[in-house]
Amino acid sequence: MPRLDGLIAATFTPMHDDGRLRLELVPEIVERLAARGVAGLYVCGSTGEGPLLTGAERREVAEAYVRAGGGRLPVVVQVGHTSLAEARELAAHAQAVGADAVSATPPTYFKPAALDDVVASMAEVAAGAPELPFFYYHIPPITGVVVDVADLVAAGAARVPNLAGVKFSSPLVHEFAPIDREHYDVLFGVDEMLLAGMIAGARGAVGSTYNLFPEAYLAAMAALERGDVAEARDRQ
């Protein structure tokens with residue numbers, strides 16, 4: 001797949017009031033996002049309530065978004081789970097149904113305690129979808145897993161052949177500065193700090209509010225690109 005850049009919507013999982021999936025709305029969601037300039041879809045992450053869904057539901061949601069994307073928008077499926085075996089199977093399913101990439105949080109109950117443990121868990125999950133780019137999902141306020149992402153990428157380069165980068169959902173943008181961004185992408189995950197993430201070197205951004213008013217963010221990014229910092233700040 002081409003490198004991920006631009007605004008990537010952390011998609012919602014549509015549901016009925018009683019919690020049953022309402023996947024017939026997915027094509028409409030995708031059409032609206034595509035028409036408004038969104039460049040990709042990040043499925044079953046925090047916004048999509050992936051950790052609250054059953055494994056079967058997560059598979060159904062992934063399939064629905066891949067079908068609706070129809071090859072027009074790249075689909076990244078978040079497969080992180082408390083069980084590494086289940087996460088690996090979710091990754092394998094994402095590859096089988098035609099997703100463009102997978103991403104995963106580390107286990108969050110019995111947490112990996114050291115950098116080597118995080119890399120080992122990442123390698124286990126990524127191996128489920130060896131043909132797809134893999135993005136480590138760094139969101140320490142939620143997972144409780146604190147790791148130096150630059151060290152993680154450097155260590156993962158030798159152990160995770162399909163490592164493509166990091167989804168970085170932390171305000172500490174200086175932490176991803178040392179990552180080799182010629183070979184690895186940083187997808188920034190804090191909507192409220194989009195410009196800070198872009199200035200620090202993120203190529204793309206994954207966020208919840210990009211579903212609702214992407215035009216404001218696209219205008220901010222365009223202003224930054226042409227060097228109009230004041231306009232970019234106002235748009236942000």
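**Exercise 1.** Which residues make a nonpolar surface patch of about 280 Å²?

*Solution.* Bear in mind that this is a predicted model. The patch is made by Phe12, Leu212 and Phe213. To place one of them, look at Leu212: this residue is in the loop that runs between strand S8 (204-207) and helix H8 (214-225).

**Exercise 2.** Find Glu86 and decide: is Glu86 buried or exposed?

*Solution.* Start with helix H3, which covers residues 84-97 and contains Glu86. Next, take the relative accessibility of Glu86, which is 17%. Buried means under 20%, so Glu86 counts as buried. Finally, list the neighbours: leaving out residues up to four places away in sequence, Glu86 touches Gly55, Arg59 and His81.

**Exercise 3.** Work out the backbone and the burial of Cys44.

*Solution.* Cys44 is not a glycine, yet its phi is positive, near 65°. Then locate Cys44 in the loop between strand S2 (40-43) and helix H2 (55-69). Last, check the accessibility: Cys44 has a relative value of 1%, so it counts as buried.

**Exercise 4.** Now treat Glu49 in the same way: what is its phi, and where is Glu49 found?

*Solution.* The phi of Glu49 is positive, about 60°, although Glu49 is not a glycine. Glu49 is found in the loop between S2 and H2. With 30% relative accessibility, Glu49 counts as partly exposed, because that class lies between the cut-offs of 20% and 50%.

Terms used. Residues are numbered from 1 along each chain as its sequence is written. This is a predicted model: local features need pLDDT of at least 70, side-chain atom pairs count only at pLDDT 80 or more; totals for chains, interfaces and linings use all residues. Side-chain values use heavy atoms; hydrogens and water are left out. Helices (H or I, at least four residues) and strands (E, at least two) are DSSP runs, numbered from the N terminus. Buried means under 20% relative accessible area, exposed over 50%, partly exposed in between (1.4 Å probe, protein chains only). Contact means heavy atoms within 4.5 Å. Patches are made of residues with over 30% relative accessible area and no salt bridge: like charges are joined within 9 Å, nonpolar side chains (Val, Leu, Ile, Met, Phe, Trp, Tyr) within 5 Å. Accessible areas come from the Shrake-Rupley method with a 1.4 Å probe; for residues, only the protein chains shown count as cover. A salt bridge is a side-chain nitrogen of Lys or Arg within 4 Å of a carboxyl oxygen of Asp or Glu.
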